[in-house]
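Here are my notes on this one, point by point. Have a look at the model first, then read on.

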Amino acid sequence: MDLQRGAGLRETTRRAVRSQIAAAAVDLFVEHGFEQTTVDQIATAVGMSQRSVFRYFATKEDMAVDGLVERGPEVLAALRARPDTEPPHVALRQALNLCLGLRADTDLRRARLFAETPALRLAIMRKHLQWTELLLPEMTRRLAGAARPELTADAIIAATLSCLDVATAEWVRREGVESFADLFDAALASLRA
């Protein structure tokens, strides 16, 4: 029991350190630019050596999207909590409410960084693939009666996550004046138009 508790504490500590590194990295990326920010600067900001930072993250891109990747299990839990009677695309949309609270005063510069940095756009695509893998079994279960449940589930997830990207780009173009959730819903509605 004590070994298990110790392992749990180590994992909790590891996650906290990862979160601290990622937050410092994103702040520096927003302030100085992604390409201009060095791992040494990130390490200095968190009081670590560059080598120690690389024990937690393989790349700067991983640091930038860490918080987004970590949201995946939360989205899955929210999806599982949705009623089984809800259409799968609606359940997924509602589960993604966790990601829709962007505010222009705090999140616009970060969203712009992701939208305008090619390396980070690729990292977001990798995050989408991770989320798809995570969400696919639950979405497939919800579509058990469909002719091709896994294909349909995969298509719904991919289209929905793409709409998140489209909404983000539009939100950045509009300087955060319109609600991010409204833009996301408009992008989703365009799929059914």
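Is Asp66 buried or exposed? With 7% relative accessibility, Asp66 counts as buried; the cut-offs are under 20% relative accessible area for buried, over 50% for exposed and partly exposed in between (1.4 Å probe, protein chains only).

1. Ground rules. This is a predicted model, with local features needing pLDDT of at least 70 and side-chain atom pairs counted only at pLDDT 80 or more, while totals for chains, interfaces and linings use all residues. Residues are numbered from 1 along each chain as its sequence is written, and side-chain values use heavy atoms, with hydrogens and water left out.

2. Asp66 and its partner. The side chain of Asp66 meets that of Arg18 in a salt bridge, 2.6 Å from N to O. A salt bridge here is a side-chain nitrogen of Lys or Arg within 4 Å of a carboxyl oxygen of Asp or Glu. Asp66 sits in helix α4 and Arg18 in helix α1 (residues 2-32), so this pair ties together parts 48 residues apart in sequence. Helices (H or I, at least four residues) are DSSP runs, numbered from the N terminus. The count comes to 12 salt bridges by this rule.

3. Asp84 bridges to Arg141, with the closest N and O atoms 2.7 Å apart. Asp84 is in the loop between α4 and α5 while Arg141 is in helix α7, so parts 57 residues apart in sequence are tied together. Asp84 counts as exposed at 54% relative accessibility, and Arg141 is partly exposed at 41%. Glu138 and Arg142 also meet in a salt bridge (3.1 Å, N to O); being 4 residues apart in helix α7, they are separated by about one helical turn. Both Glu138 and Arg142 are buried. Through shared partners, salt bridges join Asp84, Glu138, Arg141 and Arg142 into one network.

4. Aromatic rings. Rings of Phe, Tyr and Trp (its six-membered ring) pair if their centres lie within 6.5 Å, with planes under 30 degrees apart called stacked, over 60 edge-to-face and the rest tilted. That rule gives 2 aromatic pairs. Phe29 and Phe34 are edge-to-face, at 4.8 Å centre to centre and 65° between the planes. Phe29 is buried at 1% relative accessible area, and Phe34 is buried at 4%. Trp171 and Phe180 have ring centres 6.0 Å apart and planes at 75°, so this pair is edge-to-face; both residues are buried.

5. Charges over rings. The test is NZ of Lys or CZ of Arg within 6 Å of the ring centre and within 35 degrees of the ring normal. Lys60 lies over the face of Phe34, 4.6 Å from the ring centre. Lys127 does likewise over Trp131, at 4.1 Å.

6. Helix α5. In α5 (residues 88-95), the buried residues include Pro88, Leu92 and Arg93. The buried residues of α5 pack against α4 (60-81), α7, α8 (149-173) and α9 (180-191), where contact means heavy atoms within 4.5 Å.

7. Cysteines. There are 0 disulfides (pairs of cysteine sulfur atoms within 2.5 Å). The sulfur of Cys163 is 14 Å from the closest cysteine sulfur, in Cys99, which is too far for a bond. Cys99 is buried at 17% relative accessibility, and Cys163 is buried at 6%.

8. Glu175 has a positive phi of about 60° although it is not a glycine. Glu175 is in the loop between α8 and α9 and is partly exposed at 47% relative accessibility.

Methods. Helix = DSSP H or I, 4+ residues; strand = E, 2+ residues; numbered from the N terminus.
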